[in-house]
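Please read it alongside the structure shown below.

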Amino acid sequence: MLRQFLSGNSELDPSKLASAAGLPSDPAAVAALMQQLQSAMQNTTDGVDWKVALNAAQEIASAETVVSSPAAKSALEQALHVAELWLDEVTYVAELAASPKLMSRKEWVTASMPVWTELAEPVALSIANALTEVLKDQAPEELSGMMASASQMMRNIGGALFAMQLGQVVGQLSTEVVSGGDVGIPLMSEQQAVLIPQNLAEFGEGLDIPADQVQLYLAVRELAHARLFRHAKWLRLHMISSITEFARGISIDTSRLEDLASGFDPSNPEELRQAMMSGALIPPKTDTQLQALARLETTLALVEGWVDVVTAAATVRLPKRDSVAETVRRRRATGGPAESAFSTLVGLELRPRRLREAAAMWQAVTDAVGPEARDALWSHPDVVPTTEDLDNPAALVARLLAGEPEPDEMDQAIEDFFRAEEGDTPPAV
């Protein structure tokens, strides 16, 4: 059936199938899809070719590129410089090792794709394994000798299709995000701060807010986000591990997949689209997944809440600070089409649900013990606030006022080791 479809001798309409899979259905995109699937059938290696995702995302990112003028870039560079000075007045987190960077949409795609593929790979492998399992279960016994090569082909095709979908999501995201930390997770290596001038300019259109104030506010947010992950060296690994742990637990309901295949109407691929978008092929979350999700949601809320509080303190000089902050909150609450697509693709929403509680908690801590003691809570995972602290900030404040115990000697030795590795301090003799 696959060979007939890819050779054009099938009643399946490739454009409808592409649309059902969440991919563009224009002739050029369909031709590219067919070429990628044909290449996957001929591929002799096993695994997902993530170059497919990168190429698809870069193509979308480059489609409507607007090159920023030297004056616009200079204004943003100045905004980043001022933002650094303002943050120094209100925070006690480490400064960045790498200079902030202005990126095009395509450059953002290239820089962030390694993290996207790391997050998506467990899901891609789960899909490939499900296709293989269905193929083996449904094949007649006399064809069992052919299953090895056929299973590899199905894994490669499933992986190629998933990679193209991921490329569409990341490519569309590149047209929406304004900075490196805009989606909440640390996408840049070395916790580098990044602004995307084209998207930042579009963000400010129609707001009736001076452009320089929008630039300064968003520059402060981005630098605060990047500096936090630079300061709390354990945080990036903790967050990404929580996401991959959740993703590894995703499985495909092969019985539902078999039912869908047996009753599939080639003239109505919309049925396939509905099954994919509704999550009907994915069983309920396991206990391990729910625990990973709870940890991730708490961490996302803590990070975003801290960034909100620090940004508000650093931008008190901006007359329109509250207006820009409200725009950011509305944008984050609604999300964009690409964020929704990522939620469908990986089964995970990146918007923290308890952001307001987290921001209120960080503000209460700041008011009670000051910014230095507040930022010291990021020094080690054992002292960072928990879900219980979000529920009862007063108890956290009381503990801080009473004096928290320092991390033990082993914890401190581990922290010193990481700082020495990154050149922050010389290793102990």
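In this predicted model, helix α5 (residues 70-90) packs against helix α13 (residues 287-314) at an angle of about 105 degrees, and their axes are 9 Å apart. The range of 65 to 115 degrees counts as roughly perpendicular, so α5 is roughly perpendicular to α13.

**Contact of α5 with α13**
- On the α5 side, the contact is made by Trp-86, Leu-87 and Val-90.
- On the α13 side, Val-310, Ala-313 and Ala-314 take part.
- The residues of this contact comprise six nonpolar, no polar and no charged.

**Helix α16**
- Helix α16 (residues 355-376) spans only 20 Å between its end C-alpha atoms, whereas a straight helix of 22 residues would span 32 Å at 1.5 Å a residue.
- A kink of about 120 degrees lies in α16 at Gly-370, shortly before the proline Pro-371.
- Gly-370 is also one of the buried residues of α16.
- Other buried residues of α16 include Leu-355, Ala-358, Ala-359, Met-361, Trp-362, Val-365 and Thr-366, as well as Arg-374 and Asp-375.
- The cover over these buried residues includes α5 and α13, along with α9 (211-231), α14 (321-334), α17 (387-391) and α18 (393-402).

**Ala-201 in α8**
- Ala-201 belongs to helix α8 (residues 197-204).
- With a relative accessible area of 45%, Ala-201 is partly exposed.
- Val-214 is 13 residues from Ala-201 along the chain, and the C-alpha atoms of the two are separated by 9.0 Å.

How values were computed
Residues are numbered from 1 along each chain as its sequence is written. This is a predicted model: local features need pLDDT of at least 70, side-chain atom pairs count only at pLDDT 80 or more; totals for chains, interfaces and linings use all residues. Side-chain values use heavy atoms; hydrogens and water are left out. Axes are lines fitted to C-alpha atoms, for helices over the stretch in contact, and angles run from 0 to 180 degrees between N-to-C directions. Helices (H or I, at least four residues) and strands (E, at least two) are DSSP runs, numbered from the N terminus. Angles under 35 degrees count as roughly parallel, over 145 as roughly antiparallel, 65 to 115 as roughly perpendicular and the rest as oblique. Contact means heavy atoms within 4.5 Å. Ala, Val, Leu, Ile, Met, Phe, Trp, Tyr, Cys and Pro count as nonpolar, Asp, Glu, Lys and Arg as charged, and the others, Gly among them, as polar. The expected span of a helix is 1.5 Å times one less than its number of residues. The bend at a residue is the angle between axes fitted to the seven residues ending there and the seven starting there. Buried means under 20% relative accessible area, exposed over 50%, partly exposed in between (1.4 Å probe, protein chains only).
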